[in-house]
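Me: I am new to this structure and would like to get to know it through a few questions. Could you walk me through it?

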Amino acid sequence: MYYAGRYVSVPNVGETPFDGNAGNDMRIYASSTTAIEMYAGASGPTVTPSGITSFHTYRHLFSGASSVASVDAGADATGNPSTSNAGGLTIGAYGNGTTAFGSAEIGELFIATDAVAAPSSPKSYLKSRWATP
């Protein structure tokens with residue numbers, strides 16, 4: 001998953017711009033007021049954008065122990081958020097759609113496997129389109 005986005009205001013812990021269908025299946029959320037974490041059954045890679053209320057380009061690849069997250073041109077953060085089946089995509093809230101609403105603006109979203117799109121291609125496009133760092 002690649003996207004250009006930002007939090008409109010400093011997020012509350014738990015605010016969720018993306019999740020799977022049922023909740024905590026493929027979750028990307030504010031783990032603090034300055035960090036964004038992946039979760040799919042366990043805590044995974046975390047990124048800390050410079051200025052969480054500014055637009056940034058993000059990459060989140062859910063792949064068990066090979067999962068990665070990155071922001072802008074930064075290095076990949078690695079970790080194992082587990083392997084829950086997303087079962088769908090919820091945008092703007094926790095997977096059940098009733099809690100943890102994210103005060104996030106998402107400019108554009110690409111969903112692809114790295115086998116389909118090299119990481120530099122979507123990130124380069126998003127950086128150019130949204131003038132991210």
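Me: Is Arg 59 buried, partly exposed or exposed?
Reply: Happy to start there! This is a predicted model, where local features need pLDDT of at least 70, side-chain atom pairs count only at pLDDT 80 or more, and totals for chains, interfaces and linings use all residues. Residues are numbered from 1 along each chain as its sequence is written, and side-chain values use heavy atoms, with hydrogens and water left out. Buried means under 20% relative accessible area, exposed over 50%, and partly exposed in between, with a 1.4 Å probe and protein chains only; Arg 59 has a relative accessible area of 6%, so the answer is buried.

Me: Which residue does Arg 59 meet in a salt bridge?
Reply: A salt bridge is a side-chain nitrogen of Lys or Arg within 4 Å of a carboxyl oxygen of Asp or Glu. For Arg 59 the N to O distance is 3.2 Å, and the partner is Asp 76.

Me: Where do the two residues of this pair, Asp 76 and Arg 59, lie?
Reply: Helices (H or I, at least four residues) and strands (E, at least two) are DSSP runs, numbered from the N terminus. The pair links distant parts of the chain, 17 residues apart. Asp 76, with a relative accessible area of 40%, is partly exposed. Asp 76 sits in the loop between β7 and β8 (77–79), and Arg 59 in strand β6.

Me: How many salt bridges are there by this rule?
Reply: Another one joins Glu 105 and Arg 6, with the closest N and O atoms 2.9 Å apart. That pair connects strand β10 with strand β1, across 99 residues of sequence. Glu 108 and Arg 129 also form one, at 3.4 Å between the closest N and O atoms. The count comes to three.

Me: Is Arg 129 buried, partly exposed or exposed?
Reply: Arg 129 belongs to helix α1, while its partner Glu 108 is in strand β10, 21 residues apart. The relative accessible area of Arg 129 is 48%, so Arg 129 is partly exposed.

Me: How many residues does the largest nonpolar core have?
Reply: A nonpolar core is a set of buried Ala, Val, Leu, Ile, Met, Phe, Trp, Tyr and Cys residues joined through side-chain atoms within 4.5 Å. In soluble globular proteins, nonpolar side chains tend to be buried together. Here, the residues with the most contacts inside the largest core are Met 1, Tyr 3, Ile 28, Ile 36, Val 47 and Tyr 58, and its size is 16 residues.

Me: Which residues does Tyr 58 touch?
Reply: Contact means heavy atoms within 4.5 Å. Tyr 58 is buried, with a relative accessible area of 2%. Not counting residues up to four places away in sequence, Tyr 58 touches Met 1, Tyr 2, Tyr 3, Gly 5, Ile 36, Val 47, Pro 49, Ser 70 and Val 71.

Me: How many aromatic pairs does a search of the whole structure find?
Reply: Rings of Phe, Tyr and Trp (its six-membered ring) pair if their centres lie within 6.5 Å; planes under 30 degrees apart count as stacked, over 60 as edge-to-face and the rest as tilted. The search of the whole structure finds four.

Me: What kind of aromatic pair do Tyr 3 and Tyr 58 form?
Reply: Tyr 3 lies in strand β1 and Tyr 58 in strand β6 (residues 56–61), so the pair ties together parts that are 55 residues apart in sequence. Tyr 3 counts as buried, at 3% relative accessibility. With 4.9 Å centre to centre and 20 degrees between the planes, the pair is stacked.

Me: What kind of aromatic pair do Phe 110 and Tyr 125 form?
Reply: Phe 110 is partly exposed, with a relative accessible area of 30%, and Tyr 125 is partly exposed at 37%. Their rings are 5.7 Å apart centre to centre with 90 degrees between the planes, and the pair is edge-to-face.

Me: Is Ile 91 buried or exposed?
Reply: Ile 91 is found in strand β9 (residues 90–91). Its relative accessible area is 53%, so Ile 91 is exposed.
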